Amino acid sequence: MLKSHGLKVLGVTAALSILMSTPTIASAVAIIKIDGSSTVYPVTEAVTEEFQKSKKDAVKVTIGISGTSGGFKKLCRGEIDIANASRPILSEEMKECNKLGIKYIELPVAYDALTVVVNPQNNWVNSMTVAELKKMWEPIAQGKMTHWNQINPAWPNASLKLFGPDSDSGTFDFFTEVIVGKAKSSRLDYTAFDDDKLLVQEISGNKDAIGYVGYAYYAENIHKLKVVPIKSAEGKPLVLPSLETVKGSTYRPLSRPIFIYVNAKAAQKSEVKAFVEFYLKQASIVVEEVKYIPLPDAAYKLALDNFTKSKTGSGFGGKSHVDIDFSGIAEVGVSDEVLMKREGRIFP
């Protein structure tokens, strides 16, 4: 019995030795957890690849695409370090974070031109007005507006096939607010995706399809999709999404900033601090490479200053629609400079 007991003691001692040594091995690789918007994903993915190379894979960054709403839920629960977001944090999300004691640092990283696209074989749509888009996507259109000629009598009596992001998407929130007039207010009889790559694939394979995506997804698939110029109203000029029209404030109302939100407590970790600093210093180059529109260089420097000073909260009052006017003041009263310089504040 004594011998047997001795063997057991030796076994436990060996097991403890292994367990005690395991954290040392694991701790050699720090992990940064990111989740959220599929629109922001290409930027964060590109930054991550370069960052991990620079760290010789001593830091591992994981990136999920649960949508902007999904990312904020995880951020507010303290499950991730950084949330990708294609819209500002909403009032109810602020309240949830506040209730759970989570503070966050809001960092705009690029501008996007939300892009309306159809199948390349579509030879009848050469432009659309905001009013036509509303007629197509508003809740009362469900089950009623089912053919193209119901939207515009000049278009054919062909089936109208609608494709778009799912309801967890910040792109969905933004589009419905600026087109329909209320965030998350949309007809539900459309095909929804949580992955923009699949959305592109479906539109490129269906002649009667129409949908909307972040500009980078159109730019990467320019031969698979046909872009639709937008008129903000009758009598207004047709405007295509581009670097020039976004910066010139003529692509309205579908221009928007996109963000990362950093858990303020996580930002104190050396690997997260290094990653965010790297992100903001490389963003102007990376953003252009993945086909989004960079912020001015001075804006990235101000963002870095906000991060260094841990300015928490949001500067957007809990609204998903932030129509930045690059020539001066935005409709919501936020100039390009104020966008970055504003004092961090929480709107509970």
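Residues are numbered from 1 along each chain as its sequence is written, and side-chain values use heavy atoms, with hydrogens and water left out. Because the model is predicted, local features need pLDDT of at least 70 and side-chain atom pairs count only at pLDDT 80 or more, while totals for chains, interfaces and linings use all residues.

**Disulfide.** A disulfide is a covalent bond between the sulfur atoms of two cysteines. Here it is taken as a pair of cysteine sulfur atoms within 2.5 Å, and the count comes to one. The sulfur atoms of Cys 76 and Cys 97 are 2.0 Å apart. Cys 76 lies in helix H3 (residues 67-76) and Cys 97 in helix H4 (residues 91-99), so the bond ties together parts 21 residues apart in sequence. Helices are DSSP runs of H or I with at least four residues, numbered from the N terminus. Both cysteines are buried, where buried means under 20% relative accessible area with a 1.4 Å probe, protein chains only.

**Cores.** A nonpolar core is a set of buried Ala, Val, Leu, Ile, Met, Phe, Trp, Tyr and Cys residues joined through side-chain atoms within 4.5 Å. The largest has 84 residues, and Trp 148, Leu 254, Val 262 and Phe 275 have the most contacts inside it. Helix H11 (residues 270-289) gives the most to this core, with nine residues. Apart from it lies another core, of 14 residues, among them Phe 72 and Cys 76.

**Asp 196.** This residue is found in helix H8 (residues 196-204) and is buried, with a relative accessible area of 4%. Not counting residues up to four places away in sequence, Asp 196 touches Ser 38, Thr 39 and Tyr 217; contact means heavy atoms within 4.5 Å.

**Pockets.** On a 1 Å grid over the protein atoms alone, a pocket is an open set of points where a 1.4 Å probe fits, with protein on both sides within 12 Å along at least five of seven lines; lining residues have an atom within 4 Å of a point. A volume is the space filled by probe spheres set on the points, which are joined across faces, edges and corners.

| Pocket | Volume | Largest share of lining |
|---|---|---|
| Largest pocket | About 200 Å³ | H2, four residues |
| Second largest pocket | About 170 Å³ | H3, four residues |

Tyr 217 is one of the residues lining the largest pocket. Cys 76 and Phe 72 are among those lining the second largest pocket.

Definitions and conventions
Helices (H or I, at least four residues) and strands (E, at least two) are DSSP runs, numbered from the N terminus. Buried means under 20% relative accessible area, exposed over 50%, partly exposed in between (1.4 Å probe, protein chains only).
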